[in-house]
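Here is a short tour to read alongside the model on your screen.

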Amino acid sequence: MPYFDDAALLRNVREEPPTPIYLIYGKETYYSGVCLERLLGKLVKKGTESFNYRKFDGASLDWMAVRTECESLPLMAQYKCILVQNPNLEKIGSADLEILSSIIGDPNPSSVLILYVSAYDLNPKKNARLRKLMEQIAAVGIVANIEPKSQSELIRIIRQRCTKERCSIDQVTASILIDRCGSGMETLIRETDKLIAYRMNGAITRADVELVTHKSLEASVYDLSRALLGNGRTRAFQILNDLFINREDPMRILSVLTSTFIDLYRAKAAHNAGKTAEDILSLYNYGARRFAVGNAFRDVPKYSMRQIRESLSVLMRTETEIKTGRGDERILIEEALAQILALKEAG
């Protein structure tokens with residue numbers, strides 16, 4: 001079953017007549033939101049929204065009501081649009097699935113049903129019933145899986161946005177911006193616009209990025225892991241203190257730090273076996289976090305497998321202690337950092 005990406009979906013919305021049903025989902029919620037907005041703009045005639053547009057919340061969904069709306073006719077417009085936000089299609093009950101299948105199997109030519117999922121991931125590869133439902137939808141409509149952009153695509157988008165506003169940013173600086181702020185499109189657009197407003201015109205520099213933009217939790221924790229495994233005792237605790245000052249959730253800090261060490265562990269194991277970053281990416285679904293594997297591969301020659309493995313053990317014990325309420329979360333994380341630093345000094 002062919003899936004549309006955001007570019008194909010936007011082109012279809014722009015050039016083709018509507019289909020009876022759309023399923024839009026994926027990890028890149030910024031572009032899936034753009035696609036939804038463009039689709040609604042095409043379908044819903046201004047001034048007729050109150051009787052030609054119905055919106056349902058997937059958390060409290062009545063599929064019979066959805067079918068009733070799909071079977072009704074538009075008023076003073078060509079189409080009636082029914083939007084269902086975040087339906088739980090992976091756990092839909094048999095009775096509700098039968099209703100949805102009846103809508104798909106006998107669509108009303110003057111109504112368009114949009115199933116929009118942004119609150120959670122759909123994985124048809126692991127759910128046969130979901131896969132079959134998607135095949136039903138694709139037979140009469142469009143299934144669009146909006147995936148995160150690659151690093152090169154993100155760089156191109158950032159540079160184009162800067163050029164449009166009479167600024168410029170080179171590839172290296174754009175890459176630094178992504179490493180610092182993360183690969184989420186909504187965040188990158190916001191931080192790029194901040195840089196444009198600050199620079200106004202001319203070239204955006206690395207100094208501008210470091211001065212104006214907000215460093216993501218993932219980037220800060222990556223710096224923390226490097227300090228822990230390097231010679232950065234003071235630096236490690238400074239970073240952790242800054243994260244607490246910014247009111248980051250302690251469990252979130254610990255979770256991201258553990259993920260960073262898992263990336264290092266995988267990279268070290270692959271490096272020792274003569275494998276590459278691409279070998280890791282073929283085994284694990286990193287999605288927009290592909291850059292994390294590249295960073296890990298760049299750093300692992302500096303660290304021993306024992307260092308990484310024992311550091312992971314410390315972090316996992318700390319997670320258990322926090323979840324079982326054995327102490328203050330901040331103190332436990334600080335103790336974990338001290339233990340990891342002690343491991344390095346022990347050699």
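In this predicted model, helix 4 (residues 63-71) lies across strand 2, strand 3 (80-85) and strand 4 (111-116). Relative to strand 3, helix 4 runs at about 160°. Helix 6 (residues 128-140) lies across strand 1, strand 4 and strand 5, and its angle to strand 1 is about 130°.

**The sheet under these helices**

- Five strands make up an open sheet with parallel pairing, and their order is 2-3-4-1-5.
- Strand 2 (53-57) and strand 5 (142-145) are at the edges; each has a single partner strand, so one side of each is left without a neighbour in the sheet.
- From one strand to the next, the twist averages 15°.
- As a reminder, strands of a sheet pair through backbone hydrogen bonds, in either a parallel or an antiparallel way.
- Strand 1 (residues 21-25) and strand 5 run parallel and are joined by four bridges.

- Setting aside residues up to four places away in sequence, Ile 137 touches Ile 21, Leu 23, Ile 104, Leu 115, Ile 142 and Val 143.
- Ile 137 and Leu 97 are 40 residues apart in sequence, with 12 Å between their C-alpha atoms.

**Asp 299, a residue of helix 15**

- Helix 15 covers residues 290-299, and Asp 299 is found in it.
- Asp 299 has a relative accessibility of 1% and therefore counts as buried.
- Which residues does Asp 299 contact, leaving aside neighbours within four places in sequence? They are Tyr 222, Arg 226 and Leu 264.

**The second largest pocket**

- The volume of the second largest pocket is about 290 Å³.
- Its lining includes Tyr 3, Tyr 25, Gly 26 and Lys 27.
- Also among the lining residues are Asp 121, Leu 122, Asn 123, Pro 124 and Lys 125, along with Asn 145, Glu 147 and Asn 285.
- By residue class, the lining of the second largest pocket divides into four nonpolar, four polar and four charged residues.

How values were computed
Residues are numbered from 1 along each chain as its sequence is written. This is a predicted model: local features need pLDDT of at least 70, side-chain atom pairs count only at pLDDT 80 or more; totals for chains, interfaces and linings use all residues. Side-chain values use heavy atoms; hydrogens and water are left out. On a 1 Å grid over the protein atoms alone, a cavity is a set of points where a 1.4 Å probe fits but cannot get out, and a pocket is an open set with protein on both sides within 12 Å along at least five of seven lines; lining residues have an atom within 4 Å of a point. Grid points are joined across faces, edges and corners, and a volume is the space filled by probe spheres set on the points. Ala, Val, Leu, Ile, Met, Phe, Trp, Tyr, Cys and Pro count as nonpolar, Asp, Glu, Lys and Arg as charged, and the others, Gly among them, as polar. Helices (H or I, at least four residues) and strands (E, at least two) are DSSP runs, numbered from the N terminus. Buried means under 20% relative accessible area, exposed over 50%, partly exposed in between (1.4 Å probe, protein chains only). Contact means heavy atoms within 4.5 Å. Two strands pair if DSSP finds at least two bridges between them. Axes are lines fitted to C-alpha atoms, for helices over the stretch in contact, and angles run from 0 to 180 degrees between N-to-C directions.
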